[in-house]
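Hi,

Here is the structure I promised to pass on to you. Have a look at it first, and then read my notes on what turned up.

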Amino acid sequence: MTNLHAGILGTGHSYPEGILTNEDLAKLVDTSDEWITTRTGIKQRRKAASDEYTSLFAVRAGRQAIERARLDPSDIDLLLCATVSPDQILPSTGCIIQAELGTNNAAAMDIVAACSGFIYGLTLADSMIRTGQIRHALVIGAEVLTQYVDYTDRKTCVLFGDGAGAAVLGPVDAGRGILSSKIRSDGRYEEQLYSPGGGTRRRPTPETLAAGDHFFKMKGNELFKVAVRSMADISKELLERARITADDIDLFIPHQANQRITEAVADRLHVPLEKVYSNIAVHGNTSSASIPIALDECVESGRIKAGDLVLMTSFGGGVTWGGAVLRW
Ligand code: COA
């Protein structure tokens with residue numbers, strides 16, 4: 001083991017111009033702005049146009065993160081794209097992004113861990129930097145989820161939005177950067193949030209397409225409870241491993257799934273709401289992009305300052321969950 005430490009050197013984000021409001025959705029399904037706002041906190045979400053695809057937003061976010069890290073694309077050794085809405089099956093969206101960005105010295109690949117994908121990427125990049133295997137990593141969370149949303153199913157179609165966020169990781173001084181991180185999954189909960197069609201198990205046919213097998217299916221109620229419990233428990237463990245308490249946290253960035261989930265997790269951790277970042281009202285749930293978009297918004301607005309202690313935690317289909325504590 002070396003005594004290298006990894007931290008975030010630059011961030012970026014991007015999303016489509018198209019906006020889908022609660023009022024727009026109320027014209028498609030039996031719902032209302034009042035229901036969506038009180039049950040989820042969401043007022044609008046971004047929606048890609050039919051000619052916009054995942055890597056388009058990922059490239060913009062990634063380029064911004066590299067520039068802000070004051071690096072050259074050739075300095076990136078590892079490019080991880082967390083996504084459940086890839087451009088295509090082969091090659092990976094990571095490789096497509098690599099070609100666009102010119103990060104030609106990197107190994108590029110995708111991570112499929114749903115809403116926890118960015119935290120998965122952060123944790124893997126942290127480990128590889130700390131062991132000296134690589135020096136710089138670009139971790140991107142990017143989604144065009146609205147492609148997989150069934151706009152006849154009011155239980156899911158109100159939740160999801162599109163966008164991308166990115167972070168460049170590299171070596172930092174001891175005591176800064178990632179102080180603790182952890183990722184977990186439990187495949188026994190597969191059917192709480194899944195998209196059964198389109199792969200080799202339920203192959204794409206005109207019938208599976210017509211039946212909407214490629215759309216997201218969700219047991220929202222059950223997922224809600226597992227999400228709160230998993231994010232709260234792993235956060236407590238990460239705080240302990242970083243040898244700090246919830247009182248020390250300056251900023252809490254949970255995955256933006258539902259404002260009620262965010263508040264329930266904060267309550268369990270005894271983190272006051274002033275320290276909790278929320279952009280769910282304007283973005284909805286952007287899956288793997290949610291944490292890096294939120295992080296970059298905090299950087300841009302000055303909400304996050306050098307030396308701040310930041311707690312991030314996520315939860316998603318799989319089910320997957322994870323978190324990280326950072327000294328900014
Ligand atoms: N508009 C109006 N009514 C709706 C609705 C909508 N968009 N969606 C569901 N309802 C109805 C249901 O049909 C149900 O009606 P019924 O009692 O007549 O059957 C009622 O509202 C209550 O449904 P329920 O599912 O119990 O609501 P809820 O308070 O649990 O909220 C979610 C639903 C989806 C918002 C909530 O469960 C949730 O956010 N879960 C987590 C989902 C998530 O974050 N997934 C991604 C994980 S990363």
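**The ligand and its surroundings**

The ligand sits in the second largest pocket. By "sits in" I mean that more than half of its atoms lie within 2 Å of the pocket's grid points. A pocket here is an open set of points on a 1 Å grid over the protein atoms alone, with protein on both sides within 12 Å along at least five of seven lines.

Before you go further, please note that this is a predicted model: local features need pLDDT of at least 70, side-chain atom pairs count only at pLDDT 80 or more, and totals for chains, interfaces and linings use all residues. Residues are numbered from 1 along each chain as its sequence is written, and side-chain values use heavy atoms, with hydrogens and water left out.

Two or more shell residues come from each of α2 (33–40), α6 (154–157), α8 (220–241), α9 (259–269) and β12 (309–316). The top contributor is α8, with four residues. Helices (H or I, at least four residues) and strands (E, at least two) are DSSP runs, numbered from the N terminus.

Why does the ligand lie between domain 1 (5–174) and domain 2 (179–327)? Both domains give residues to the shell around the ligand, so it lies between them. The domain bounds come from an automatic or database domain assignment.

There are 23 residues around the ligand, and those that come nearest are Thr31, Arg39, Arg154, Asn221 and Asn258; a residue counts as near if one of its heavy atoms lies within 4 Å. Three of these names return in the polar contacts (pairs of N or O atoms within 3.5 Å):

- Thr31: a side-chain N or O atom is 2.7 Å from a nitrogen atom of the ligand.
- Arg39: a polar side-chain atom is 2.7 Å from a ligand oxygen atom.
- Asn221: a polar side-chain atom is 2.7 Å from an oxygen atom of the ligand.

On its own the ligand has 960 Å² of accessible area, and the protein covers 77% of that (Shrake-Rupley method, 1.4 Å probe).

**Backbone points to check**

Most residues other than glycine have a negative phi, and most peptide bonds are trans. Leu90 and Pro91 are joined by a cis peptide bond, with omega about -5°; Pro91 is in the loop between β4 (78–82) and α4 (93–101). Another cis bond joins Gly318 and Val319, with omega about -5°, and Val319 is in the loop between β12 and β13 (320–327). Arg70, although not a glycine, has a positive phi of about 55°, and belongs to the loop between α3 (54–68) and β4.

Best wishes

Key: A polar contact is a pair of N or O atoms within 3.5 Å; within protein, one must be able to donate a hydrogen and the other to accept it, and residues adjacent in sequence count only if both atoms are side-chain atoms. On a 1 Å grid over the protein atoms alone, a cavity is a set of points where a 1.4 Å probe fits but cannot get out, and a pocket is an open set with protein on both sides within 12 Å along at least five of seven lines; lining residues have an atom within 4 Å of a point.
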